[in-house]
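Here is a short briefing on how this chain packs. Keep the structure open beside the text as you read.

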Amino acid sequence: MKKKLALLLVAAMTVSSLVACGNSEAPAEEAAAPAEEAPAEEEAAPAEEAPAEEEAAPAADGEVVTVGFAQVGHESDWRAANTKNYQDTFSAENGYELSFVDCDNDHAVQIETVRGFIEQELDYICIAPIQSAGWDTVLQEAQDAGIPVLIVDRAVDAADTLYTTALGCDMVAEGEAAGNWLAEYLDGADANILVIEGSVGASATLGRTEGFNNIVAQNSNWKVLDSQSGDFTQAGGQEVMESFIKTYGAGNFNVVVCQNDNEAYGAMDAMDAAGITYGVDGDVQIISFDATHDGLQYTLDGKITCNVECNPLQAGFAEEVIKKLEAGEEVDKWTLVEDQAFVAPGIESQYAVTMSQEVLDGRAY
Ligand code: AHR
């Protein structure tokens with residue numbers, strides 16, 4: 001435990017501003033209504049913590065900084081890259097002792113994990129919220145204990161006075177980028193759209209859905225036939241796509257929106273099995289999110305037509321906040337992690353970068 005009083009003062013002085021992009025608004029998903037009620041908090045047992053494997057080297061002032069990270073789970077390639085990025089950044093070598101907990105997509109476990117971090121009196125707590133609702137009580141507990149909380153990757157719908165800072169991608173903007181690209185690509189043609197959403201109640205799902213629907217509303221000849229959760233997993237994407245194919249039948253849809261790459265892989269498997277062609281030369285255009293290495297390989301191959309990035313390399317932003325707090329400096333209330341969209345070769349777009357081998361080779365995740 002270090003400098004708790006000073007940190008509280010710094011937390012109280014945090015300012016609202018946006019860095020890295022010049023945009024001036026916090027992402028709209030913070031205001032989104034919760035999709036589901038939070039499960040009872042008391043019932044959950046904390047997940048097991050990974051033991052610290054090597055002894056942490058002390059920071060410049062001689063003290064090791066202890067950080068708890070309540071991670072969503074291991075549902076996707078994006079998540080694996082995000083986890084690795086945190087583990088590499090908050091390493092013993094860099095002067096940290098990281099308590100990493102994979103919450104396995106269970107909100108109740110995540111709440112109890114944060115409670116465990118509070119009991120251990122860690123210096124900082126990072127939370128990647130599985131769902132946006134249900135955070136007020138435990139955030140208040142962390143604040144009462146004087147532990148700064150960083151909300152990372154996804155958003156919570158709690159008041160921003162309950163945490164120190166938030167950082168991540170703008171999920172609404174990602175959904176709008178996908179919609180704007182589709183409008184440009186279709187150039188007035190009809191769209192019969194199927195959406196495979198992410199996990200229910202996650203701000204990544206709520207934001208991407210809201211953003212895409214904003215553009216659907218501007219196109220009267222677009223129809224969203226159905227929208228179901230694939231839980232951000234490949235198996236979930238495949239299952240939902242199989243059920244869509246049964247319900248709507250081949251030839252009755254021409255766009256499939258998958259809210260992450262893993263779902264897109266599952267959807268492709270389902271369409272392959274049903275003999276439905278997809279990609280730039282096929283009957284169905286696939287839009288995906290994340291733009292991980294494999295997702296971009298499929299984009300380069302013309303199987304995924306548009307892939308909207310969500311950058312998982314976010315730990316550096318969290319470390320920057322922690323370093324500032326350690327130095328007694330003010331921190332921004334919100335930090336945007338920038339991203340961009342990519343389209344298959346042969347497509348020119350004002351909204352996206354055209355894929356090439358060079359872009360793929362430069363991919364770090
Ligand atoms: O919150 C980020 C989302 O969560 C990513 O798009 C998805 O792959 C992950 O599971």
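Phenylalanine 90 is buried in this predicted model. Its relative accessibility is 2%, and burial here means under 20%.

**Aromatic rings**
- The structure contains eight aromatic pairs.
- One of them joins phenylalanine 90 to tyrosine 96 in an edge-to-face arrangement.
- Ring pairs tie Phe69, Tyr86, Phe90, Tyr96 and Phe100 together as a cluster.

**Threonine 89**
- Threonine 89 belongs to helix H2, which covers residues 77-89.
- Threonine 89 has a relative accessible area of 12%, so it counts as buried under the 20% cut-off.
- Setting aside neighbours within four places in sequence, threonine 89 contacts Asn94, Tyr96, Ala315, Gly316 and Glu319.

**Nonpolar cores**
- In soluble globular proteins, nonpolar side chains tend to be buried together.
- The largest nonpolar core here has 55 residues. Val67, Tyr86, Phe90, Trp135 and Leu139 have the most contacts inside it.
- A separate core has 23 residues, including Trp181, Val255, Ile287 and Ala341.
- Which residues does tyrosine 86 touch, not counting those up to four places away in sequence? They are Phe69, Leu98, Cys126, Val152, Leu167, Gln314, Ala315 and Ala318.

**Helix H7**
- Helix H7 runs over residues 234-248, 15 residues in total. From first C-alpha to last it reaches 21 Å, close to the 21 Å expected at 1.5 Å a residue.
- Its buried residues are Gly236, Gly237, Val240, Met241, Phe244 and Ile245.
- Viewed down the axis of H7, these buried residues fall within an arc of 165°, so they line one face of the helix.
- An α-helix has 3.6 residues a turn, so residues three or four places apart point the same way.
- Ala235, Glu239 and Lys246 are exposed, on the face of H7 turned away from the buried side.
- The buried residues of H7 pack against three strands, E6 (191-197), E7 (222-229) and E8 (255-258), and against helix H8 (261-274).

Key: Residues numbered from 1 in each chain as written. Predicted model: local features only at pLDDT ≥ 70, side-chain atom pairs only at ≥ 80, totals over all residues. Heavy atoms only, no water. Phe/Tyr/Trp six-rings, centres within 6.5 Å; stacked < 30°, edge-to-face > 60°. Buried < 20%, exposed > 50% of the residue type's maximum accessible area, 1.4 Å probe, protein only. Core = buried A, V, L, I, M, F, W, Y, C linked by side-chain atoms within 4.5 Å. Contact = heavy atoms within 4.5 Å. Helix = DSSP H or I, 4+ residues; strand = E, 2+ residues; numbered from the N terminus. Expected span 1.5 Å × (residues − 1). Arc of directions from axis to C-beta.
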